[in-house]
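Please look through the sequence and the model shown below.

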Amino acid sequence: AVCYPVKIVYTHILYLIRMGIRHIFFPCLPREQAGNGQDFRYNCPIVTSFPEVLRNNLDILNSHNIRFDTPFLPIHRRDRLWKHLRTVFPRDQIGDGILRNAIKEAYLELDRYRGDLLSEGDKAIQWLKKNPQEKGVVLAGRPYHLDDEIHHGIPDMVESLGLAVISEDSLPELDPDRLQKNLRVIDQWGYHHRLYNAAHHVIGEKALQMVQLNSFG
């Protein structure tokens, strides 16, 4: 069976259609951008191609004159992304200059977002250092755990207990050599690399074996 986040994607798409949306852009993403010391940065098969499964399983997409774009995009290659998006959006809809600028601004915003994450993570860590009697929790997961339906309010519950909540992607990347020399796996999926990094931050080398045993699937 597919994972729970995928199961609720159907209802998300149906909701958009019922709201009157007639153009849905849902790209397939085979790879993520590289992290320090990461081997391959592949996404799981679901993230890679599930939009195509939706296309072939939701008859409503074909019966309501809906444009459902599911291109395979190389977001890990900024130099190639424009070419792929150019095949999706005709020039009479979006000019070359506008598209190139949109891609540039999107990556700048992504960099700003990641900078904000690291800044907030650092604030939490500095607060814990200044208040050694307090405790913090690193909630390590995947991007879809941001969805309230999926995380079931766990971050809010933890915070209500007076604990500092830190996400794994708000921790800085460790030195690649320092991290990789303690791993005995080939790091295939991008999300796992972040879990290894977070475990190393929190407990050190002894944590890595535990994470390796629990991070597949």
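Does F89 count as buried or exposed? The model is a predicted one, and in it F89 has a relative accessibility of 13%, so F89 counts as buried; the cut-off for that class is under 20%.

The ring of F89 has a partner. F25 and F89 form an aromatic pair of the tilted kind, with 5.6 Å from centre to centre and 45° between the planes. An angle over 60 degrees would have made the pair edge-to-face, and one under 30 degrees would have made it stacked. The two residues come from distant parts of the chain, 64 residues apart: F25 belongs to strand β1 (residues 23-25), while F89 is in the loop between α4 (78-86) and α5 (96-130). F25 has a relative accessibility of 37% and therefore counts as partly exposed.

A search of the whole structure gives three aromatic pairs. One of them joins Y10 and F50 in an edge-to-face arrangement, with the ring centres 5.9 Å apart and the planes at 90°. Y10 lies in helix α1 (residues 4-18) and F50 in helix α2 (residues 45-57), so this pair ties together parts that are 40 residues apart in sequence. The accessibility of the two rings can be set side by side. F50 is buried, at a relative accessible area of 7%, whereas Y10, at 26%, counts as partly exposed.

For α1 and α2 the angle is about 50° and the axes are 11 Å apart. On the α1 side the contact is made by V6, V9, Y10 and I13, and on the α2 side by I46, F50, V53, L54 and N57. Both members of the edge-to-face pair, Y10 and F50, are thus among the contact residues.

Another ring takes part in an arrangement with a charge. R100 places its charged end over the ring of W82, at 3.9 Å from the ring centre. Along the chain K83 and R100 are 17 residues apart, and their C-alpha atoms are separated by 9.8 Å. K83 has a relative accessible area of 61% and so is exposed.

Conventions. Residues numbered from 1 in each chain as written. Predicted model: local features only at pLDDT ≥ 70, side-chain atom pairs only at ≥ 80, totals over all residues. Heavy atoms only, no water. Phe/Tyr/Trp six-rings, centres within 6.5 Å; stacked < 30°, edge-to-face > 60°. Helix = DSSP H or I, 4+ residues; strand = E, 2+ residues; numbered from the N terminus. Buried < 20%, exposed > 50% of the residue type's maximum accessible area, 1.4 Å probe, protein only. Lys NZ or Arg CZ within 6 Å of the ring centre and 35° of its normal. Axes fitted to C-alpha atoms, helices over the stretch in contact; angles between N-to-C directions. Contact = heavy atoms within 4.5 Å.
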